[in-house]
Amino acid sequence: MSRYVGAIDQGTTSSRFIVFDRKGTVVSVAQEEHEQIFPKPGHVEHDPREIWKKTRKVMKKALEKADLKPKDLVAIGITNQRETTLIWDKTTGEPLHNALVWQDTRNDRLVAEFAKDGGPNRFREITGLPLASYFSGLKLRWLLDHVKGAKGKAEAGDVLFGNIDTWLVWNLTGGTEGGLHLTDVTNASRTQLMSLETLDWDEGMLTAFGIPRAMLPKIVSSSEVYGETKAPFEGVPIAGILGDQQAALFGQTCFAPGEAKNTYGTGCFALMNTDGKPVPSSAGLVTTLAYRLGDQKPVYALEGSIAVTGSLVQWLRDNLGMIKESAEVEKLAATVEDNGGVYFVPAFSGLYAPHWNDAARGLIIGLTRYANKGHIARSVLEATAFQTKEVLEAMEKDSGIGVKELRSDGGMVANDTLMQFQSDILDVPVVRPKVTETTALGAAYAAGLATGYWKDLDDLKHNWSVDHRWEPQMDSGQRKKIYAAWSRAVKRSFDWKTDED
């Protein structure tokens, strides 16, 4: 009888369940979108109950589509949108508030308050992260400050905290009836509460942020058997957890130092494997956990996070109505030969790596009577590639390793115009693998390794193969000219938001 590995891929805009075979090939997939909630400017929320409901639904649908039962799964892995923060009642299982999504910036006053004493990098040596609205710790602090009764209940151990991985594991393993409260090292490293050295919650960070330890999940490795699912998917081992970007790195089999990937999704996330030691960043990146397999030594990474890429295409569709479907942006961009001097800096919620400017705001600059919607569409795609170049330059500066090729994945890799421009502006090849579902695949790999479905990392490397490779074609003078113009545009976006706003 054939056996498979399942992966829950709980992302920013949707939940998916994908079943993989031993070759890493997709056997079945089901997907459900969930609501994006915007109560105020800068506020982004998800309903945790909807996410749990949709997760159960896609698990059921994917198995039914392939005529499979839960017993046909060797294990389940989980990958999730990182930094998205929620708290819930341990007794009732009810969230105390909607989840604060990683893009949410309502805690920016807390960021400024903590940065007054020691600057934005005051906790970087411990956690690898700068002070920013992005990470979970200060989102959690905001919830404790603003949700009535939450802090007292949290101190008593009656309120639990987690990123989305923790919420799903808790519910899958029984919820109020003995659900496991845990998170893996990659997700824990995104809270700004974990020490990169000890891989445990740091008492100094908990004290500084005012976070009760009683509400925090146990930190585990990225690949081990944590427990089993309960009804209606009873008896399947949950054996892998990776934050979505680390999962993509793992799914791209970037196991050697210097190997890098970029995921083109709602945002863009570039990671470079730096092996068994954390590399401090002086160029605006974050130092994070790449993965930890069982009781082996942890593997670290440098990461550059870009807030707005694929979601900029959605904005063009939903807010401006310039296209009806996201895929139409490539056709619209192809109506012009270049950007016509138009540059789009999508700092909708500030700028992440390598600038970390929470007060930046979006701009379109270089407009003339010549510019049309084709130029704007092209500037939307180019913004993704320009931001990626900024991040990779910072990686090379921090690591001392030149990126020889960029492995790409995510929804936007189907856009040939974007991928060619990415190769052109980087002046290195950009590679798309045959299996582009690398985020879910990474979670499946972690779970499969823990249960012996795959023997070792060499098994996983054997599965990876190239679907398409883009080679740089742009003249070096042109590359330098347009990148310089982009850099000028980015600087114009800095510090637009003020305290008066």
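I count a contact wherever heavy atoms lie within 4.5 Å.

**Ground rules.** The model is predicted, so I take local features at pLDDT of at least 70 and side-chain atom pairs at pLDDT 80 or more, while totals for chains, interfaces and linings use all residues. Residues are numbered from 1 along each chain as its sequence is written, and side-chain values use heavy atoms, without hydrogens or water.

**Val 286.** I looked up its neighbours beyond four places in sequence. Val 286 touches Arg 124, Gly 128, Leu 129, Pro 130, Phe 135, Arg 190, Ala 301, Leu 302, Glu 303 and Trp 356. Its relative accessible area is 1%, so Val 286 is buried. My scale: buried is under 20% relative accessible area, exposed is over 50%, and partly exposed lies in between, with a 1.4 Å probe and protein chains only. Val 286 sits in strand β15, residues 286-291. Strands are DSSP runs of E with at least two residues, helices are runs of H or I with at least four, and both are numbered from the N terminus. I also checked Lys 324, 38 residues from Val 286 along the chain; their C-alpha atoms are 36 Å apart.

Trp 356, a contact of Val 286, lies in the loop between β17 and β18. Its phi is positive, about 50°, although Trp 356 is not a glycine. Trp 356 counts as buried, at 17% relative accessibility. Pro 354 is in the loop between β17 (343-345) and β18 (363-365) too. The bond from Ala 353 to Pro 354 is cis, with omega near -5°. I noted both because most residues other than glycine have a negative phi, and most peptide bonds are trans.

**Thr 253.** Here is another non-glycine with positive phi, about 55°. Thr 253 is placed in the loop between α9 (244-251) and β13 (260-264). Its relative accessibility is 5%, so Thr 253 is buried.

**Cores.** I grouped buried Ala, Val, Leu, Ile, Met, Phe, Trp, Tyr and Cys residues joined through side-chain atoms within 4.5 Å; each such set is a nonpolar core. The largest has 68 residues, and Tyr 134, Tyr 264, Val 345, Trp 356, Phe 386, Ile 425 and Trp 486 touch the most other members. Helix α12 (residues 373-399) gives the most to this core, 11 residues.

**Helix α4.** Is α4 mostly covered or mostly open? Covered: nine of the 11 residues in α4 (136-146) are buried. The buried set includes Lys 139 and Arg 141, along with Leu 138, Leu 140 and Trp 142. Its buried residues pack against β6 (86-89), β7 (99-100), α2 (108-115), α5 (150-155), β8 (159-162) and α8 (203-209).

**Whole chain.** I counted 16 helices and 21 strands. The radius of gyration is 22 Å, close to the 23 Å of the globule rule for 501 residues, so the chain is as compact as a globular protein of that length. That radius is taken over C-alpha atoms, and the rule is 2.2 Å times the number of residues to the power 0.38. The C-alpha trace spans about 65 × 55 × 45 Å along its principal axes. Buried residues make up 62% of the 501. Of contacts between residues at least 6 apart in sequence, 72% join residues at least 24 apart.
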